Amino acid sequence: MPVSTSHWGSFEAEIRDGKLVRTRPFRNDANPSPLTDVVPDAVYAQSRVRAPAVRESWLRTRGKAGGAERGSERFVEVDWETALDLVAEELGRVRGDHGAEAIFGGSYGWSSAGRLHHARTLLHRMLHAGGGCVGQVTNYSYAAGMIILPHIVGNADPVAGRMTDWRAIVENAELMVFFGGINRRNFQVSSGGFGEHSSEGWLEKARQAGVNMIAVGPDRLDAAPDLGATWLPIRPNTDTALMLALSATLLTEGLHDRAFLAKYCVGFDQYAAYLTGEEDGVSKDADWAEGITGIAAAEIRELARRMASSRTMLTAAWSLQRADHGEQPYWALVALAAMLGQIGSPGCGFGFGYGSINGRGSPRRPVPSPSMSAGRNPLGFAIPVARVSDLLLQPGRTIDFNGKPMTFPDIRLIYWAGGNPFHHHQDLQRLTAAFRRPQTVIVNEIWWTATAKHADIVLPATTAFERNDIGASPADRYIMAMPQLIDPVGQARNDFDIFGDISDRLGYRAAFDEGRNEFEWLRHMYGAFRENAARQNVQAPPFERFWEDGWFDVPPPDTGWTAYADFRADPVSSPLGTPSGRIEIVSDRIASFGYADCGAHPRWMEPREWFGAPAASRYPLHLISNQPATRLHSQLDNTPLADAARIDGREPVRMNTDDAAKRGLKSGDVVELYNDRGRCLAGLIATDDLLPGVVQLATGAWYDVTTTAEGLLETHGNPNILTDDHGTSRLAQGPSPMSTLVEVRRFEGILPRVRAFDAPVET
């Protein structure tokens, strides 16, 4: 059987009469995910976009009717030639009348897997070849980390690149502390396509080696209890306060490494003045932190002593920085690791995301994966990814971003391919208003997601299994061949061909495809990979052999690798990329920006919404909107696996048992979560695994709203109807959905039908 891959792992495909009927786990994957089992269900889902379609009033008036009905209006199917002509005409018109700055090339990295047919790359490549577009930088996963870390340690590798690997940790560390927890459901997925679910095995090796693990978080399930990890319950959004108190304990008890701080860091004396209260009159000691975090002061002091007496690796989940002042926990964690003095020591120090996605920290040679380039954007302008609604709603507004002002242009056309902002983004009622403002919205999409329903022109795209590609993840050692398994469903076409034909109509096809077809590009990309591998003494087979075998396994390195080992050995010859060349516990550069919400060093700043906020008197429950177990973000939500987890067709929400009892609620009830931004329905699960005052509702339920007497109601369980759309700070402008307060009550009345998977097409 042919082998293919996806964001949730590789599999062997059973094809019968030209149809994908079944998948079996990849033979080399010891911990396969059940998500691969429902690949056929997703491929043939009723929600597939079967043909090019145009919103009815837009087609009738060519956009003059406006966008007020986007998201609620029916579509009319048209042939491909008509659809491509309309797209090319709109791109040409807007570029000619308003310039490239009026075109927004919206996309996100979690499109379908594969490195050639990567929707974001191909969209931008096409728009760049025609003169450019407004693009996006950073991401929804770790935006604040991407911006703050280069100021502290010189680059974003600790969150986005190579990090201390598991072999080094297993062989050397004694203690590993996971701020934000470690939930194994996250190990089901990794971007790009991969061969093995490796993180599960490395966690088990760490347990067997005697590495003690502590998981800090509000949810017991984030403590991997079967691995022997200790759960340290903490109130949401207070990890920074805990890290400060741990640091203060090290300082006052003389447990900090003075020599390391003097040789490898800058600014510690100023930071110490903040920790002791000399700077602001408030000592950040364990007693102070107990009132904020809910963790006993004695436990905080004991943990600090244990860190200092052990070979310690500190890590924080990506989720911690998706909150108000999300830069602070990452900065505070680096400072804490520096005070321990173990950065660069084998298997010790710090890193981010070990518990957030499969493959983070898996031993891998630094061989670049096959890739396609988006090319240079002639416009040279990109917004922080989470500021989409601001861009669309507030043309002419100037914001701060990473030390520079940025003024939003007036967007007249959105072209979106890859990703689903009506899953990723916050305050979806605001995003709906934003999507209704431009003259034209074009979307390439596989299924009738909410993003497709909020478009004017929808072009049906293939899944990864209806085209040829190469799968690869920077966190995995496998390079996977992805041969086309089946003919495209309906009239779907791959993004490479769609963008090639649009480029042809606009007169720059050669700049887009460089004269290569799909297979010629695969050979070219693999050839570049093979050359890079050879420079690392890795002999990859010729393309024909690779394609026949189905995969190539890059041999793992012979020894474990520790980040900052060279820096520790000689900070003069191996300096960091910071202004000082050292770890900047205090950053004069950030201080020079003058941001009140991100100053010169890590500090505790109360979130807008948390248990200590005034809003908690009305909305006393803190909402955790984490990643789901039954899908990847919103992908696979239209499959039986996701449906089986629902309660009365709604996404399950978990609540502490006592909190449920106080509200007269029980497991199985359909409840309404609400705050000033919106309302949504969910099915209740009462549990003792959550801290009191915390509710957990996973992201990814396809957005579906209906109008009631009280206003709009999200019927399916999408938490981003409730989250606030504001930046983490003026520095990073990242998303902050984890700072959200709500209340919960039983839903009374007739349950509305969920229409999320209905196709809005005239038949």
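Entry 1, terms. I take helices (H or I, at least four residues) and strands (E, at least two) as DSSP runs, numbered from the N terminus. I work on a 1 Å grid over the protein atoms alone: a cavity is a set of points where a 1.4 Å probe fits but cannot get out, and a pocket is an open set with protein on both sides within 12 Å along at least five of seven lines. Lining residues have an atom within 4 Å of a point. Points join across faces, edges and corners, and a volume is the space filled by probe spheres set on them.

The model is predicted: local features need pLDDT of at least 70 and side-chain atom pairs pLDDT 80 or more, while totals for chains, interfaces and linings use all residues. Residues are numbered from 1 along each chain as its sequence is written, and side-chain values use heavy atoms, without hydrogens and water.

I looked up the second largest pocket and found a volume of about 490 Å³. Its lining has 18 residues, with Gly71, Ser72, Lys453, Val705 and Arg755 closest to the centre. Helices α17 (428–435) and α18 (450–453) each supply at least two lining residues. I class Ala, Val, Leu, Ile, Met, Phe, Trp, Tyr, Cys and Pro as nonpolar, Asp, Glu, Lys and Arg as charged, and the others, Gly among them, as polar. This lining then splits into 6 nonpolar, 5 polar and 7 charged residues.

The largest pocket holds about 1,000 Å³. It is lined by 40 residues; Arg115, Tyr142, Ala160, Ser191 and Pro474 are the closest to its centre. The elements giving two or more residues are α4 (119–129) and α6 (157–160). I count 18 nonpolar, 15 polar and 7 charged residues in this lining.

My search of the whole structure gives 4 cavities of 30 Å³ or more. The second largest cavity has about 270 Å³. Of its 25 lining residues, Trp110, Ser111, Ser112, Gly419 and Glu445 are closest to the centre. Both α16 (421–424) and β18 (440–445) give two or more residues to the lining. The classes are 8 nonpolar, 14 polar and 3 charged.

How do α9 and α11 pack? Their angle is about 105°, with the axes 10 Å apart. They are therefore roughly perpendicular (65 to 115 degrees). Axes are lines fitted to C-alpha atoms over the stretch in contact, and angles run from 0 to 180 degrees between N-to-C directions. The contact (heavy atoms within 4.5 Å) includes Leu244 and Leu251 of α9 and Phe268 and Tyr271 of α11. Its residues divide into 8 nonpolar, 2 polar and no charged.

I require a side-chain nitrogen of Lys or Arg within 4 Å of a carboxyl oxygen of Asp or Glu. The count is 52. Glutamate 90 pairs with arginine 93, the closest N and O atoms being 2.9 Å apart. These two are 3 residues apart in helix α3 (residues 80–98), so about one helical turn separates them.

Methods:
Angles under 35 degrees count as roughly parallel, over 145 as roughly antiparallel, 65 to 115 as roughly perpendicular and the rest as oblique.
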